Amino acid sequence: MTLRLNLGLRARLLAAFALLCVVTAASVAGGMYVVARNEILERTQNAAVEAMRDRLQALFPLRDPTPGPDELSEIVSVVAERNSDAVAVYHGTRSPAGPARPCLPFGRPCRQGLDLGMIPGGLRRAVADGVIAWQRVAWEDGPYLIIGTPLLIVEEDRSTRASGIEVYVARSLASEQRAIDNLAVLAWFMGGVALAFAVVLTALATRGVLRPVRELGRAARLLGEGELRTRIAVRGSDELAEVARTFNDTAAELERHVEQLREMEADARRFVADVSHELRTPLAALTAVAEVLDEEAAELPEHAGRAARLVSQETLNLTALVNDLIEISRFDSGVAALALNEVDVAELVRATLRTRGWLEQVRTEFPPGVTVRLDPRRADVILANLVGNALRHGEPPVSVRLRADPHWITVEVRDHGPGLDEAVLPHVFDRFYKASAARARSEGSGLGLAIARENARLHHGDITVTNAPDGGAVFTLRLPRGEQNPEGGPE
C-alpha cells in the first residue's frame with residue numbers, strides 16, 4: 001500500500017527550499033572540509049618527512065656500520081620527537097621497546113612503543129627497496145603517520161650503498177584530527193544556520209506568493225457557489241497579477257453569459273405560461289366540440305367516426321398538456337402554494353384509486369390511523385402520477401404500501417415489470433423525458449413525474465426511484481409529518 005502525504009503548497013515550497021539549502025550547504029561545506037582536511041594532512045606529513053630528514057643528517061657518518069641494540073637505540077633517540085614513536089631495525093635486530101603508551105579512551109596500557117608488526121607490509125617493502133615512504137594508519141589510541149626510511153652509507157667516491165638499517169617513526173596526528181573534527185562541526189553548524197535562514201526566507205517568500213493564490217481559491221469557491229460578481233484585486237504586473245486579470249475577465253464573461261441564459265430562460269418560461277393561458281379558452285371550445293363529435297361518432301360513417309374519435313382524443317391530450325404546462329409555470333414562477341388540511345393518508349390513497357377506477361388493479365397495504373397535514377389536491381396529483389405510471393408502463397401486480405414513523409410517512413408504489421434501465425434512472429424526473437426504450441410503451445407529455453416531484457418538494461418531501469431486486473420499478477414518496485405553512489415551509 002502506497003502512503004501519500006497530502007501537503008499544502010506552503011509545506012511543499014518549504015520542503016523544496018530546505019532540501020535545496022541542505023544539498024547546497026552540504027556540497028559547499030563538504031567540499032571545503034575535504035580540501036581543508038587534505039591540506040592539513042599534506043602539510044603535516046610533508047613537515048614530518050622534512051623534520052625526519054633533518055634529524056637523520058645528524059647520524060652521518062655512521063660510527064658503526066653493523067650496529068647492535070645500543071646503537072639502534074641511539075638512532076631512535078635522534079629521530080624520535082615528542083608525540084612520536086620510533087624503531088630502528090638492522091637485519092632482524094631492533095632497537096629496545098619504549099615505555100607503554102596509554103590507549104584512549106580508557107587510559108589502559110595498550111602497546112609497548114612502536115612494534116614492527118604494526119607497520120604496514122607495503123611500507124616495509126618500499127623501505128627495503130631503498131625508498132623513503134610514509135602512510136597514515138589508525139590505531140586504538142588515534143591516527144598516526146608512519147614514516148620509514150633506509151640509512152645509506154656514503155663511499156669515498158661519493159657513491160652510496162645500503163647500510164641495512166631501517167628507521168620507522170610513528171607521529172601522532174591527534175591534534176590534526178581534532179582540527180579536522182572542528183572543521184566538521186563548523187561545517188554542520190554552517191549548514192544548520194543556512195537551513196534556518198532558508199526556512200525563514202522561504203516562509204517570507206511563500207507568504208507573498210501564496211496570498212494571491214489563496215485569494216484566487218476563495219474567489220473561485222465563491223464563483224462556484226453562484227457569486228458571479230466576485231473579482232480579485234490585481235496587484236503589480238507579474239505572472240500572478242496576469243492570472244488575477246485572467247480570472248476577472250473570465251468571471252465577467254461568465255456573468256454576462258449567465259445573465260443572458262437567465263433572461264432567455266425567463267423569456268421561455270414566460271412564453272410557455274402566456275401561450276398556455278391563451279390556449280385555455282380555445283381549448284375549452286375545442287373540448288366542447290370534441291365531446292359532441294365523440295357522442296356522434298357512432299352514427300357517422302366509418303372514416304368520419306374514426307376521425308371524430310381521433311380529434312376528441314387528441315383534444316383531451318392537448319388539454320392535459322396545457323394544464324401540465326400551466327402547473328409547471330406556477331412552480332417556476334414561485335406562486336405555487338399549499339392548501340393544507342389534516343388528512344387520513346389511507347383514505348386519500350383509496351379516494352385517488354377509486355376516482356380513477358384503479359381499486360381492482362392495485363394492491364394496497366395501509367396501517368390504520370395515519371394522518372398528516374398536507375394539500376389533498378397536490379397529494380392526489382402525486383399519487384395519480386405514480387400509480388398511473390406503474391399501470392401504464394409496468395406489469396401487474398401494482399402495489400401501494402404506506403409506512404409511517406413519528407416524523408415521516410412513506411408511500412411506496414411498485415410494479416413487477418422489467419424495471420428501468422440504469423441509464424434512465426437519473427433522468428426519470430426530468431421534464432419531457434420519455435423512457436420509451438426502457439418501457440413497453442411511452443405515452444403522455446413527459447411532465448407527469450416532474451410535476452409530482454415538484455409537488456412533493458413543495459411539501460418539503462421528495463420522490464425517489466429504484467429497481468427492486470426481483471424486478472420492477474419502485475417509486476418512494478416521503479413527506480414530513482411536521483406542521484407546515486401554506487407556502488410550503490415549516491411553521
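# Exercises on a predicted protein model

In this predicted model, buried residues make up 35% of the 491 residues in the protein chain. The chain has 9 helices and 14 strands.

**Exercise 1.** Determine which residues of helix α2 are buried, and how they are arranged around the helix axis.

*Solution.*
Step 1. Helix α2 covers residues 69-79. A residue counts as buried when its relative accessible area is under 20%; in α2, Leu72, Ile75, Val76 and Val79 are buried.
Step 2. An α-helix has 3.6 residues a turn, so residues three or four places apart point the same way.
Step 3. Viewed down the axis of α2, the buried residues fall within an arc of 100 degrees, so they line one face of the helix.
Step 4. On the face turned away from this buried side, α2 carries the exposed residues Asp70 and Ser77.

**Exercise 2.** Identify which residues of the largest nonpolar core touch the most other members, and state which elements give two or more residues to this core.

*Solution.*
Step 1. The largest nonpolar core holds 38 residues, of which Leu386, Val400, Val428, Ile463, Phe475 and Leu477 touch the most other members.
Step 2. Two or more residues come from each of the helices α7 (345-355), α8 and α9, and from each of the strands β10 (371-374), β11, β12 (408-414), β13 and β14 (473-480).
Step 3. The element that gives the most to this core is α8, with 6 residues.
Step 4. A second, separate core has 20 residues, including Leu56, Val79, Ile165 and Ile180. Val79 is also one of the buried residues of α2.

**Exercise 3.** List what Ile463 touches, leaving aside residues up to four places away in sequence.

*Solution.*
Step 1. Ile463 touches Ile382, Leu386, Phe429, Ala452, Arg453, Ala456, Phe475, Thr476 and Leu477.
Step 2. Leu386, Phe475 and Leu477 are also among the core residues that touch the most other members.
Step 3. For the chain as a whole, consider contacts between residues at least 6 apart in sequence: 62% of them join residues at least 24 apart.

**Exercise 4.** Describe the backbone at Pro397 and at His460, and locate both residues.

*Solution.*
Step 1. Most residues other than glycine have a negative phi, and most peptide bonds are trans.
Step 2. Pro396 and Pro397 are joined by a cis peptide bond, with omega about -5 degrees. Pro397 lies in the loop between α8 (376-393) and β11 (398-404).
Step 3. His460 has a positive phi, near 65 degrees. This residue is in the loop between α9 (448-458) and β13 (462-467).
Step 4. The relative accessibility of His460 is 42%, so His460 counts as partly exposed.

Notes. Residues are numbered from 1 along each chain as its sequence is written. This is a predicted model: local features need pLDDT of at least 70, side-chain atom pairs count only at pLDDT 80 or more; totals for chains, interfaces and linings use all residues. Side-chain values use heavy atoms; hydrogens and water are left out. Helices (H or I, at least four residues) and strands (E, at least two) are DSSP runs, numbered from the N terminus. Buried means under 20% relative accessible area, exposed over 50%, partly exposed in between (1.4 Å probe, protein chains only). Contact means heavy atoms within 4.5 Å. A nonpolar core is a set of buried Ala, Val, Leu, Ile, Met, Phe, Trp, Tyr and Cys residues joined through side-chain atoms within 4.5 Å. The arc is that of the directions from the helix axis to the C-beta atoms.
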